[in-house]
Each structure stands twice: as C-alpha cells, then as structure tokens.
Amino acid sequence: MDHIAAATASQAPVRTGPRDPGDAWVEGDKGKFWGRFGAAGVLVYDPTKGVLLQHRAIWSHNGGTWGLPGGALHQHEDAVTGALREAHEEASVPADNVEVLFTSLLDFGYWSYTTVVLLAVTAFEPVINDPESIALRWVPVADVDLLELHPGFGRSWENLRPRLLEATDGA
C-alpha cells in the first residue's frame with residue numbers, strides 16, 4: 001500500500017480484517033472523540049533531534065495538522081501499553097529504546113486521553129507504517145509552535161513543554 005497516497009486522500013482507506021471494539025467514536029458534553037475506551041499517544045523526545053511529531057492524514061479528524069502518534073485504546077489496555085502499541089504501529093517507535101518520563105491525563109469522564117512522554121534512550125528513525133501519517137518528523141522543542149498543531153495537542157503543548165524541559169534538565 002502506498003501510505004502517503006492513502007494519507008493525502010480525501011477519504012479514509014477501506015479497512016479489511018477485524019476492528020478492535022475500541023475503534024469507535026464516543027460523544028458527550030465536551031464533544032466527540034475517537035476511542036471507546038479512551039485514547040493515548042506518545043511524545044517522544046530525543047535530546048539531539050527534538051520531539052517526534054506526526055503530520056496527520058488529510059482524512060483523519062483534524063487532518064493535515066501536526067500531532068502525536070497514538071490512537072484508541074483496546075479494552076482493558078493501560079494507557080502506556082496502548083500508546084506504545086499505537087506509536088509502533090504508526091511510526092515504528094521501538095518500545096525497548098524509550099523510557100517513560102511522565103504521563104499527562106485529560107479526563108472528561110466519558111472519554112480520556114493520556115499523553116505518554118518518552119525519552120529516546122537509543123536514537124531511532126521513525127517509519128510510516130500505515131496510512132494515518134503524511135509525514136513523521138523530529139522537531140526542535142523551540143520550533144513545535146511554528147507548525148499547525150492538532151487543536152488538542154496545541155492546547156496541551158503549553159503544559160507539556162515546561163514539564164518536558166524540567167524532566168530533561170532544560171533539554
């Protein structure tokens with residue numbers, strides 16, 4: 001499959017095979033969100049390269065913006081496990097080459113999103129593995145705000161950035 005062509009198409013590719021029960025929209029007073037059991041993503045930091053960002057597929061929710069590799073959690077899956085699974089599926093983030101620095105939870109009661117902030121212990125290059133990404137890029141921390149960010153990530157970045165800098169001694 002040509003992942004770039006699929007990511008830049010106006011409609012999502014037709015999925016084949018079984019879907020996970022968590023792959024569904026939930027709706028409540030704060031809005032409509034993907035992930036019946038919540039969602040999680042990774043903010044990977046490499047001290048020599050910056051943070052790993054995903055240019056989201058055009059057909060996805062808030063498509064064309066920059067955000068974090070991640071997605072819907074599976075039933076009974078904890079947020080760290082789910083975030084690492086999704087990041088590997090979407091960007092080949094190697095779970096054995098990263099260390100969890102901290103997590104940040106946004107919880108609306110009926111839906112939650114956990115950002116799992118990781119330190120790349122060993123350098124790696126991300127690889128697009130599915131049609132959910134137009135591009136993957138290491139972005140210097142100071143340059144993240146220069147991109148058109150996914151609205152949710154944009155709002156959380158102002159709180160995540162100082163915590164990341166503190167956790168990594170000023171990055």
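Me: What share of the contacts in this protein with a separation of 6 or more comes from residues 24 or more positions apart?

Reply: Such residues account for 66% of those contacts, where a contact requires heavy atoms within 4.5 Å. The structure is a predicted model, and it holds 171 residues, of which 45% are buried.

Me: Which elements does the protein have, and what pattern do they follow along the sequence?

Reply: There are three helices and nine strands in the protein, and, read along the sequence, they follow the pattern α-β-β-β-β-β-β-α-β-β-β-α.

Me: Why is strand β8 called largely enclosed by the rest of the structure?

Reply: Strand β8 covers residues 112–120, and eight of its nine residues are buried, so the strand is largely enclosed by the rest of the structure. A residue is placed in that class when its relative accessible area is under 20%.

Me: What makes β3 and β7 count as strands that pair with β8?

Reply: Two strands pair if at least two bridges are found between them. Strand β3 (residues 39–46) is joined to β8 by seven bridges, and these two strands run parallel; within this pairing, Y45 has L119 of β8 as its bridge partner. Strand β7 (residues 98–107) is joined to β8 by nine bridges, and here the strands run antiparallel, with F102 having V117 of β8 as its bridge partner. Because at least two bridges are what pairing asks for, both β3, with seven bridges, and β7, with nine, count as partners of β8.

Me: What lies between β7 and β8?

Reply: The two strands form a hairpin with four residues between them, and in that turn G109 has a positive phi of about 90°.

Me: How do you know that the span of helix α2 agrees with its number of residues?

Reply: The expected span is 1.5 Å times one less than the number of residues, so the 13 residues of α2 should span 18 Å, and the end C-alpha atoms, 17 Å apart, agree with this.

Me: What makes D78 a cap of α2?

Reply: A side-chain oxygen of D78 lies 3.1 Å from the backbone nitrogen of V80, at the N-terminal end of the helix, and a polar contact asks for N or O atoms within 3.5 Å. Just after α2, S92 takes a positive phi of about 60°.

Me: Why is A87 called buried, and what does A87 touch?

Reply: A87 lies in helix α2 (residues 79–91), and its relative accessibility is 0%, so A87 counts as buried, the limit being under 20%. Not counting residues up to four places away in sequence, A87 touches V42, P69, S92 and V93. Other buried residues of α2 include L84, R85 and E86, and the cover over the buried residues of this helix includes β3, β7 and β8.

Me: Why do H55 and T65 count as buried?

Reply: With the limit set at under 20%, H55, in strand β4 (residues 50–56), counts as buried because its relative accessibility is 18%, and T65, in the loop between β4 and β5, counts as buried because its relative accessibility is 5%. Leaving aside neighbours within four places in sequence, H55 is in contact with residues including T65, W66 and I134.

Me: What makes the approach of T65 to N62 a polar contact?

Reply: A polar atom of the T65 side chain lies 2.6 Å from the backbone oxygen of N62, and this falls under the limit, since a polar contact needs the two atoms within 3.5 Å.

Terms used:
Residues are numbered from 1 along each chain as its sequence is written. This is a predicted model: local features need pLDDT of at least 70, side-chain atom pairs count only at pLDDT 80 or more; totals for chains, interfaces and linings use all residues. Side-chain values use heavy atoms; hydrogens and water are left out. Buried means under 20% relative accessible area, exposed over 50%, partly exposed in between (1.4 Å probe, protein chains only). A polar contact is a pair of N or O atoms within 3.5 Å; within protein, one must be able to donate a hydrogen and the other to accept it, and residues adjacent in sequence count only if both atoms are side-chain atoms.
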